[in-house]
Amino acid sequence: MKKLFKILIVCAVALSLFACNKKTNDVSKENNTKEVQETKASAIDLESMPIERFDFQTLEIEDGNIVKSEDFYKEKPLTLVNVWGTFCGPCKEEMPDLADLGEEYKDKINFLGVVVDTNASMDTNVEEATEIIKNAGVTYTNIMPNPTTEDSLVHITAMPTTFFVNSEGQVLGGFVGKKDKASIAATIDKLLEENK
């Protein structure tokens, strides 16, 4: 009888362990599903920007070529404009993600960087900005402020600021501060869908 009792106890313990493991596995599956759902980023809610248009005719920082907004915007239906500075830590942290997105979306939208603490006279922070761009792997156009951009940029008071411009040069909205790559990608996808 004692032997049968021991066998029953061993079976009960084994069953309870199996049930706990199964439940643990189910909980683990639930947690994995939640993680997958959480990692699927949603689009950023764009805020209205203090500018309606962003027009410019200035120099590209790396090669000194003249860049005109009316020509630049016409290439694609949408342009992401990232306003940043060489002094800005979050700007530099965000830049490799923007570089990756610039490559991923290069056939769909334009990317444009505006380096606020440089100037078209090429005598302020140009070498530092060029080094930051190179280290981040950025291949998209970055421009320097000049009198054609002053009226717009004076209203941008925090870095980084990112906004989206349509092919007519109208600002569609944007956000202030560093954002993660997945959220920016989701925002681009949403805007592309809305601006077909």
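1. A residue is called buried here when its relative accessible area is under 20%, exposed when that area is over 50%, and partly exposed in between, with a 1.4 Å probe and protein chains only. By that definition Cys-88 is buried, and Cys-91 is buried as well.

2. The model is a predicted one, in which local features need pLDDT of at least 70 and side-chain atom pairs count only at pLDDT 80 or more, while totals for chains, interfaces and linings use all residues. Residues are numbered from 1 along each chain as its sequence is written, and side-chain values use heavy atoms, with hydrogens and water left out.

3. A search of the whole structure finds 1 disulfide, meaning a pair of cysteine sulfur atoms within 2.5 Å. Cys-88 and Cys-91 form this link, with their sulfur atoms 2.3 Å apart, and the link is right-handed, with 80° about the S-S bond.

4. Thr-118 lies in the loop between strand E4 (110-115) and helix H4 (126-136), where helices (H or I, at least four residues) and strands (E, at least two) are DSSP runs numbered from the N terminus. Thr-118 counts as buried because its relative accessibility is 5%. Leaving aside residues up to four places away in sequence, Thr-118 touches Ile-61, Thr-124, Asn-125, Val-126, Ala-129, Met-144 and Pro-145, contact meaning heavy atoms within 4.5 Å.

5. Helix H3 (residues 89-104) and helix H6 (residues 181-194) have axes that come within 10 Å and cross at roughly 35°; axes are lines fitted to C-alpha atoms, for helices over the stretch in contact, and angles run from 0 to 180 degrees between N-to-C directions. The contact involves Glu-94, Asp-97, Leu-98, Asp-100, Leu-101 and Glu-104 of H3, together with Lys-181, Ile-184 and Ala-185 of H6.
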